[in-house]
Amino acid sequence: MSVATTPRGYIERPRPSGLADVIDVILDKGLVIDAYVRVSLIGIEILTIDARIVIASVDTYLRFAEAVNRLDITEADHQPGLPELMEEVTSGGASSKTKGVIEGVKEKITGDDDDDDDKGKGSSSRRRSSSSSRSGSRSRSGSSSKGSS
Amino acid sequence: MIYVYGVLRRGRRADVAAAGVEQAPVRGVEHGDLLALVSDLDGTVLAAAREVRAHWAVLDEVARSVTVLPVRFGTVLEDDDAVRASLLEPNAERIAELLEVLDGRVQLNVRAHYDEDRLLADIVRASPTVASMRDRIKRLPEQAAYYQRIQLGEAVAGEVARRREADASLALEALEPHAVASLVEEPRGSDGAFALAFLVERGAVDAFGAAVARFREQAGDRLRIRFIGPLPPYGFTDDELRAGSPAWA
């Protein structure tokens with residue numbers, strides 16, 4: 001082996017690792033011989049599933065849209081403004097028309113499981129439910145199917 | 001039947017310790033100056049996930065010391081005579097040519113993935129179109145926004161594709177000067193950034209590695225970079241054994 005002359009810390013040693021790398025390197029690569037006998041390769045579809053994700057497809061678009069929608073992006077997100085807004089409304093002084101709009105929005109972002117709370121407790125539950133919806137939007141669905149990292 | 005792994009120059013040390021497909025010992029079939037690495041096969045069905053490792057291990061071991069042309073995974077011929085008659089003999093010239101060009105060179109793969117959440121957040125911040133589509137959809141009930149969601153996803157995919165292309169160009173710019181040839185392969189998975197393969201002189205692997213380290217530093221935590229090799233020249237023998245010289249030779 002050749003001796004490295006560059007400072008040690010700046011050299012990266014390439015390395016193979018898991019099955020994903022092996023598949024990535026090997027599948028569909030190398031010399032092809034026309035005359036070869038076909039043997040059945042069991043499970044070859046499973047090996048190629050992850051490899052064949054097409055970025056331009058409706059499935060991918062929907063997945064991207066879902067992923068983008070569940071992101072918790074502070075700069076681009078209007079939700080953090082809502083709790084304050086609601087507090088203003090519930091502390092009185094706003095017109096009934098405004099209140100109706102806010103109620104509509106709140107229903108959408110809180111979801112079904114808050115319904116019971118809302119019935120019984122009135123204004124104090126609003127802050128709770130809005131905060132629970134925020135933590136909900138932050139949770140990850142773990143949809144990534146990649147085995148490698 | 002005979003399972004075929006690859007072809008190398010006869011006379012080069014090529015005894016293989018690694019077990020082959022179906023745990024069979026690996027041996028050579030010779031013709032002229034060439035030697036095909038093969039093993040005997042009993043069945044007609046192979047468990048792909050296990051045998052793909054055997055295929056890898058055999059070629060990996062041989063490629064550590066000599067140049068070997070990989071044959072595509074799953075290639076099986078009738079018997080030793082068929083290895084000579086359908087592989088070595090009719091393609092002797094082409095194989096010799098490839099062996100000469102690839103001699104003393106190895107393949108190094110550089111793969112990069114994005115952290116998907118971070119990539120998408122960057123896109124929402126950078127693209128007003130995506131941001132406003134996203135805001136609009138958030139106010140609609142899920143069923144009502146089906147087509148809007150497809151449009152949003154399509155816009156996001158467009159941005160992802162643009163970033164992939166830009167990042168692949170950056171990587172090529174940084175690494176190509178240290179390689180003899182390069183290949184742009186299809187990135188895998190929706191979080192794949194780029195998949196590049198480089199043909200590098202054995203003696204230049206460290207210099208290439210240093211360039212990868214610099215590029216990694218430059219990319220920061222935006223990209224998860226994987227550097228894999230040295231490999232037999234899998235990507236540079238993607239060849240259907242017909243006449244003609246490789247474009248990069």
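A residue is termed buried if 20 or more other C-beta atoms lie within 10 Å of its own, exposed if 12 or fewer do, and partly exposed in between, with C-beta atoms placed from the backbone. The structure is a predicted model, in which local features need pLDDT of at least 70 and side-chain atom pairs count only at pLDDT 80 or more, while totals for chains, interfaces and linings use all residues. Residues are numbered from 1 along each chain as its sequence is written, and chains are lettered from A and ligands numbered from 1 in the order in which they are written.

Chain A has an average pLDDT of 54, and 29% of its residues score at least 70. Helices (H or I, at least four residues) and strands (E, at least two) are DSSP runs, numbered from the N terminus. Of the elements of chain A, helix 3 has the highest mean pLDDT (87), and helix 5 (residues 96–110) the lowest (34). In residues 1–8 of chain A the pLDDT is below 50, and this stretch has seven contacts in the model beyond near neighbours in sequence. A contact requires the C-beta atoms of two residues, placed from the backbone, to lie within 7 Å. Residues 76–149 of chain A also have a pLDDT below 50, with 54 contacts in the model beyond near neighbours in sequence.

In helix 1 of chain A, the buried residues include A:Val22, A:Ile23, A:Asp24, A:Val25 and A:Ile26. This helix is followed by A:Asp28, which has a positive phi near 60°. A:Asp28 lies in the loop between helix 1 (19–26) and strand 1 (40–42) of chain A. A:Asp28 counts as partly exposed because it has 15 C-beta neighbours inside 10 Å. A positive phi, near 65°, is also found at B:Gln23, a residue other than glycine. B:Gln23 is placed in the loop between strand 1 and strand 2 (27–31) of chain B, and counts as exposed because it has 9 C-beta neighbours inside 10 Å. Most residues other than glycine have a negative phi, and most peptide bonds are trans. A cis peptide bond, with omega about -10°, joins B:Gly229 and B:Pro230. B:Pro230 belongs to strand 10 (residues 223–231) of chain B.

Strand 1 (residues 2–9) of chain B has seven of its eight residues buried. Strands are taken as paired if DSSP finds at least two bridges between them. Strand 1 runs antiparallel to strand 3 (residues 34–40) of chain B, and seven bridges join the two; B:Gly6 has B:Leu37 as its bridge partner. Two bridges join strand 1 to strand 6 (residues 76–77) of chain B, again antiparallel, with B:Ile2 opposite B:Leu77. Strand 5 (residues 69–70) of chain B is likewise antiparallel to strand 1 and joined to it by two bridges, and B:Val7 has B:Leu69 as its partner there.

Between the chains, the axes of helix 3 (residues 58–70) of chain A and helix 6 (residues 146–175) of chain B come within 7 Å and cross at roughly 90°. The two helices are therefore roughly perpendicular. Axes are lines fitted to C-alpha atoms, for helices over the stretch in contact, and angles run from 0 to 180 degrees between N-to-C directions; those under 35 degrees count as roughly parallel, over 145 as roughly antiparallel, 65 to 115 as roughly perpendicular and the rest as oblique. Residues making the contact include A:Tyr61 and A:Phe64 of helix 3 of chain A and B:Arg149 and B:Glu154 of helix 6 of chain B.

Terms used: pLDDT = per-residue confidence, 0-100.
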